[in-house]
Amino acid sequence: MTDSAKARPHLSGKTTQISLPVLFASLMVAALFLSSSLLIWQGWQASQRALVHSAEAMTHSMGQLVDERARHFLSTASNTLHRLTHDPPRIGPDLERRNLRVMHLINALRSTPLISTVYVAYENGDFIIARQLSGKAAREKYGAPPRADYLLSVHTHWPDGEGKLLHYYYDAQIHFLAKNTAISDNYDPREREWYRQAMVRPGQYLSNPYSFFSNNQIGITLSERSNHENIVVGLDANLSDLDAQLRDLRPTPHAEFAIVADGAGLIARTIALRMPDQGDHAPGAYHSPSTGLEALSILDKHNPPLNQVVPFEMNGETWFGSRISLTSLGQRKLNMLIAIPDDDLTSQIRDDLSQMTISAIIITICLMVASWFIGKWVGGSVERVTRYAHRLSGFDFSPSNDAPSRIAEFQQMNEVLAKMSQAVRAFLSTMNAIGSEPRTDLMLEKVLQETVMATGGIYGAVYLLNEQGDQLELSAATQGAVAPGSPVHFSYPRLPRDVLRAPHPLIGERLAGVAQLSVPLNDREGKPLGLLLLNYPSNQQHRHGEFRAFVTQLSGALSAAIETRNLLETRRRLFDGFVHLIADAIDAKSPYTGSHCRRVPELAIMMADRMSAEGHSPYGPYHLSEAERYAFRLGAWLHDCGKITSPDHIIDKATKLESVHNRIHDIRTRFEVLWRDAEIAHLRRMMDGANQAASLEQRDEEQAALQEDFAFIARCNIGGEFMEDADIERLSQIAEREWMRHFSDRIGLSREEEARLGSSPEMPLPAPERLLADKPEHRIAWDRNRPPVEKNDPDNHLGFDMALPALAENRGELHNLTIRRGTLAPEDRFRINDHVVQTFIMLNTLPWPDDLRRVPEIAATHHERMDGTGYPRRLDASRLTLEDRVMAIADVFEALTAADRPYKPAKPLTATLAIMTGMACEGHLDPLLMRYFLEARMWENYGAHYLRPEQRDEVDIAALVSRLPQTAPPPPQPQ
């Protein structure tokens, strides 16, 4: 018998046990429940008795309100109709009195807001209709002017049967605006039910609801025959307007009510429209099924007595309904049907019941607290265990601080829960270390420490395979040390698909009372990653298979983390390799870029790391996280990746005439032709008997002039100093000289060259050619690859703001030779600057993760200026980050000091820093960051690696700093 069994007392008879807190709480809750239920039942019965009285009072009250509204509308409409039918000048057929009728008809519309249309129909088929134009749609439908508020339509029948429809438009003051002749719609009022009934019935006639001919809206018509003429006057009212007037009378949110007339069906409604099954079948009458008024339909079938409330069932719910007598309309008797759901009437009762229930709950809680205090001493242990269990179920695995229980079973349960909590805490800590620690070595140390604590071990170590797969090397150990005698690394033989499948032999010295467990760390494919080593006490607790299973599960999570880290690191190294490959390819593409793509990132990262290490920048506190530093490094390495698209002959354009080749050779050939022409001319003069000395002198003068002119063109082609106007004028004069071409320039061409020549006719041979030509085929226009860099370009989605040259390229010889400074024409300069545009476009097409989303911005902003005149987006200081400003300084410094540019000599430090200081004064570079760059002397570290000894001269930093502006620019934009 175990000790726990001995400690348990022997129980005989009934073994079911109930704790005192539960017993007291149960009795109190039961008593409260019975008393509360009785009170609620009594309240419900009283409420049911008052329910019918409440429904009767509500329906009668609503009937009075509706009757008052209906009486007001009907009396107003009836009086208006009566005035019109008993005043002949207002409705008579005399068309000459139309203006007078207009005033009366429109005033009739004004006096009764619910009236939408006024008709006057004559026995010959003529009619006059006055309607209000409410809204733009109504005006457009009837072709009314914008200021028209009323429309008078006059239809006149001619003796030949043809009809004429005229529209007269009036403003709000009934001033005539315009007249319009419309197409007759063949409307004949004599065919309408309201006309026929008014002609045969005395007094006023109310039609059934029907669809109006003019707008297909549903409504009713009140009509009456004039006592003086065979004229019928009608007033239209839309059911939607009547319904809007009655909608706010709904007594409860879900009540249904409707006004019905004998034989006319529904007149106004709140839920939907119900038309009669029989009645008005005149043309245009509207009929629809009974939908949306189910409760009223059921109430109508019950046919309740007038002014009595009756209950009925619909869809399993109780409703109360009544039929209430209203004011008569003409010869029709009006009633109102109203149905109210039981839920609406009992909402207050339910609220009262809720209050009673809340009160009962509060009393129950108080009684439960009282019972808890009564049974506290007896049930204290139960509560502590329950509280601890609830904490665990609520994901709180912190250790319990409760005092030990005097009851053995509860104390044992506490100890079990504590061990389980410790194991879960260790597992969560392990998972947290795996997921949150970016460095693999620190992650392994944290996971190993938690594993040793969770398993009650003594020592722990993690060995990982090296890249060659033949050595297990120590990667982490508890407390920075390994078990006594454990090696730092040991050989691991490579076998086919070698896997650590079994526990490894003992590693280190065997200690008394200490056991060792080695668990293989394998990836998802079973390939070995390393070994987890645990030294633990050799006791009963660690001899169970559950211990090994727990350690194996932890090692599985550790293996997955190591594999994921290795995979991410491999992918990152691969990506970095591609980035470096692109940068090296750009540097290798042209000798004119040298190692620019490698040096700029080094200098930029050097500056950012220096400020991050110091904890501040010229603008305040500054720190780069590892993710931000990596994004900045990628942006710096990729800052010129767009040069992949830049044409080589423009990047490498060392002379003005250089294209795919240096076209100075073509011009030299033309001079050779002119040289020989001078020689030939001399020989011909000799054959003609000219004076030999004079002829030789003329030839020598011409050839000497050719030598001088070609030498001048060659000097202009170099593109060094600024060209003066006199030089450009001399080039123009040289260009006017002609030479004779004897061979066709239309054969042996590529398709592109043929396309540029177009359909221009070929000059007959021999053809004169200018010595320096700017031909139409030299002007290459933009094709479909026109870059979207202009601010107003609809395809410009990235905010570029650059001036686009009129031509994609201009190869004109005179055009290029007259470049005043350098070798680049405006078209060439744009193609060079376009590399930043292409950098931004290319990088924005990549699916960057959130931590790298600024890489395109960093890479494509180094040519922006603080004053907003840079490119490609003209960003000013307020829109530039500190990293953008660092990139600009690094890019300029490297370009000025580079010694591997064939087109320019490398500048020494004094000249370079003086130029950059001037650029900071001119609004190009950040002056505060330039001051920091000068005073921190980072250019010395850079120069020690990349500058020639003769470039590293002594720099007067104080003099340069004194030149910088004292006014601080706008602070950098945050990342």
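Modeller: Before we start, buried here means under 20% relative accessible area, exposed means over 50%, and partly exposed lies in between, with a 1.4 Å probe and protein chains only.

Colleague: Fine, and what kind of model is this?

Modeller: It is a predicted model, in which local features need pLDDT of at least 70 and side-chain atom pairs count only at pLDDT 80 or more, while totals for chains, interfaces and linings use all residues. Residues are numbered from 1 along each chain as its sequence is written, and side-chain values use heavy atoms, with hydrogens and water left out.

Colleague: How many salt bridges are there?

Modeller: The count comes to 26, taking a salt bridge as a side-chain nitrogen of Lys or Arg within 4 Å of a carboxyl oxygen of Asp or Glu. One of them joins arginine 196 to glutamate 193, with the closest N and O atoms 2.4 Å apart.

Colleague: Where do arginine 196 and glutamate 193 sit relative to each other?

Modeller: They are three residues apart in helix 6 (residues 193-200), so about one helical turn separates them; helices are DSSP runs of H or I with at least four residues, numbered from the N terminus. Glutamate 193 is buried at 16% relative accessible area, whereas arginine 196 is partly exposed at 36%.

Colleague: Which residues are linked in a network of salt bridges?

Modeller: Arg741, Asp745, Arg746, Glu769 and Lys775 are linked in that way. Within this group, aspartate 745 pairs with arginine 741 at 3.6 Å between the closest N and O atoms; arginine 741 is buried, with a relative accessible area of 9%, and aspartate 745 is partly exposed at 25%.

Colleague: Changing topic, which helix does helix 25 pass in a right-handed crossing?

Modeller: Helix 25 passes helix 26 in that crossing, where right-handed means that the near helix is turned clockwise from the far one by less than a right angle. Helix 25 (residues 882-897) and helix 26 (residues 909-921) pack at an angle of about 145°, with their axes 10 Å apart. The axes are lines fitted to C-alpha atoms over the stretch in contact, and angles run from 0 to 180 degrees between N-to-C directions.

Colleague: And which residues make the contact?

Modeller: With contact meaning heavy atoms within 4.5 Å, helix 25 contributes Ile889, Val892, Phe893, Leu896 and Thr897, and helix 26 contributes Leu909, Thr912, Leu913, Ile915, Met916 and Met919.

Colleague: Last one, is phenylalanine 578 buried or partly exposed?

Modeller: Phenylalanine 578 counts as partly exposed, at 47% relative accessibility, and its place is in helix 14 (residues 545-589).

Technical notes. Helix = DSSP H or I, 4+ residues; strand = E, 2+ residues; numbered from the N terminus.
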